[in-house]
Amino acid sequence: MTAPTTHGEQLLEINGVELCVETFGDRADPPILLVAGGSASMLWWDAELCERIAARGRYVVRYDHRDTGRSTSYPPGEPGYSYTDLALDMLGIQDALGIERAHLVCQSMFGGIGLIAGVDHPDRVASLTFVSSSTDGPGLPPPTDQLAEGPPADPDPADSASVVEYVIGSARAYAGGSPYFDEAATRALVERDVARARDYASTLVNHYAIEADRPTRGGFGGIAAPTLVVHGEADPFLPLPHGEALRDAIPGAELLVLAGAGHDLPRPVWDAFVPALIRHTGRGRA
């Protein structure tokens with residue numbers, strides 16, 4: 001049997017903005033909605049990874065956040081939206097695609113979107129998966145010295161070549177010295193990402209300027225959906241104790257540690273990640 005293919009990108013009007021959405025697989029299968037991290041468009045959820053998940057009987061949705069990819073962009077440094085707005089964007093995508101409840105997979109800083117959805121909108125969440133994320137609680141270790149020395153100097157946003165080198169250098173640093181870092185593949189992704197964005201100058205800064213609001217009904221302990229925490233053992237930005245703290249904060253949560261991985265999901269760990277995600281999303285079926 002051939003692997004499922006993409007249904008193509010579409011621009012949807014959601015909450016007064018345009019969001020670019022792409023889906024993979026059979027619409028009748030349980031839906032998995034992939035939520036990228038800060039400054040990351042949908043492309044950072046690799047299309048081949050989406051295909052692998054879809055081939056295992058899941059309807060996969062990836063999308064561009066505001067200020068990434070083909071979605072609505074704001075002036076650099078003036079995002080004008082909050083985490084709650086981004087969570088409502090995600091739920092609006094579910095509405096537009098006719099998805100009542102989705103399995104949410106939220107990466108890095110936008111674990112905060114999953115937190116808001118899981119606590120304030122539990123009826124829309126079949127399960128949660130947090131990838132390379134954190135509770136941001138007290139006492140957790142800071143980024144490693146290796147990361148502090150790794151990222152390059154901020155680029156000139158008008159110079160696309162310097163922007164590409166900056167993002168590649170940042171991705172290399174966030175990989176934490178992992179042997180899995182693939183510079184050629186990263187370069188191809190970044191070049192496409194920069195060329196595709198409405199305004200990459202906004203992509204570089206706006207997510208870090210938004211209001212990091214919280215759920216109205218509590219914190220991680222208020223999540224009732226089945227939860228999987230996925231964390232790289234060599235994550236230099238949010239070292240492994242962040243993932244352990246997240247597991248401990250959510251009732252019944254499980255932790256999958258990705259051997260050799262940093263603050264990313266490199267191809268060599270997909271053989272561990274995909275089966276774990278399929279098992280997990282079989283628990284709280286949509």
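Tutor: Two residues are in contact when they have heavy atoms within 4.5 Å of each other. What you see is a predicted model, where local features need pLDDT of at least 70 and side-chain atom pairs count only at pLDDT 80 or more, while totals for chains, interfaces and linings use all residues. Residues are numbered from 1 along each chain as its sequence is written, and side-chain values use heavy atoms, with hydrogens and water left out.

On the H1 side, Glu48, Leu49, Arg52 and Ile53 touch H9, where their partners are Trp270, Asp271, Phe273, Val274, Leu277 and Ile278. The residues of this contact of H1 with H9 divide into 7 nonpolar, no polar and 3 charged (Ala, Val, Leu, Ile, Met, Phe, Trp, Tyr, Cys and Pro are nonpolar; Asp, Glu, Lys and Arg charged; the others, Gly among them, polar).

The crossing of H1 and H9 is right-handed: the near helix is turned clockwise from the far one by less than a right angle.

Now look at helix H5 (residues 160–174) and helix H6 (residues 183–196), which pack at about 135 degrees with their axes 9 Å apart. That makes H5 oblique to H6, and the crossing of H5 and H6 is right-handed. Among the H5 residues in the contact are Val163, Val164 and Ile168, and H6 brings residues including Thr186, Val190 and Val194. The contact of H5 with H6 divides into 7 nonpolar, 2 polar and 5 charged residues.

Finally, the sheet: 8 strands form an open, mixed sheet in the order E1-E2-E4-E3-E5-E6-E7-E8, where strands pair if DSSP finds at least two bridges between them. Strand E1 (6–14) and strand E8 (254–258) are the edges, each pairing on one side only. From one strand to the next, the twist averages 20 degrees. E1 pairs with strand E2 (residues 17–24) in the antiparallel sense over 7 bridges, and glutamine 10 stands opposite valine 21 in E2. Helix H3 (residues 111–120) lies across strand E3 (31–35), strand E5 (102–107) and strand E6 (125–131), running at about 155 degrees to E6.

Notes. Helices (H or I, at least four residues) and strands (E, at least two) are DSSP runs, numbered from the N terminus. Axes are lines fitted to C-alpha atoms, for helices over the stretch in contact, and angles run from 0 to 180 degrees between N-to-C directions. Angles under 35 degrees count as roughly parallel, over 145 as roughly antiparallel, 65 to 115 as roughly perpendicular and the rest as oblique.
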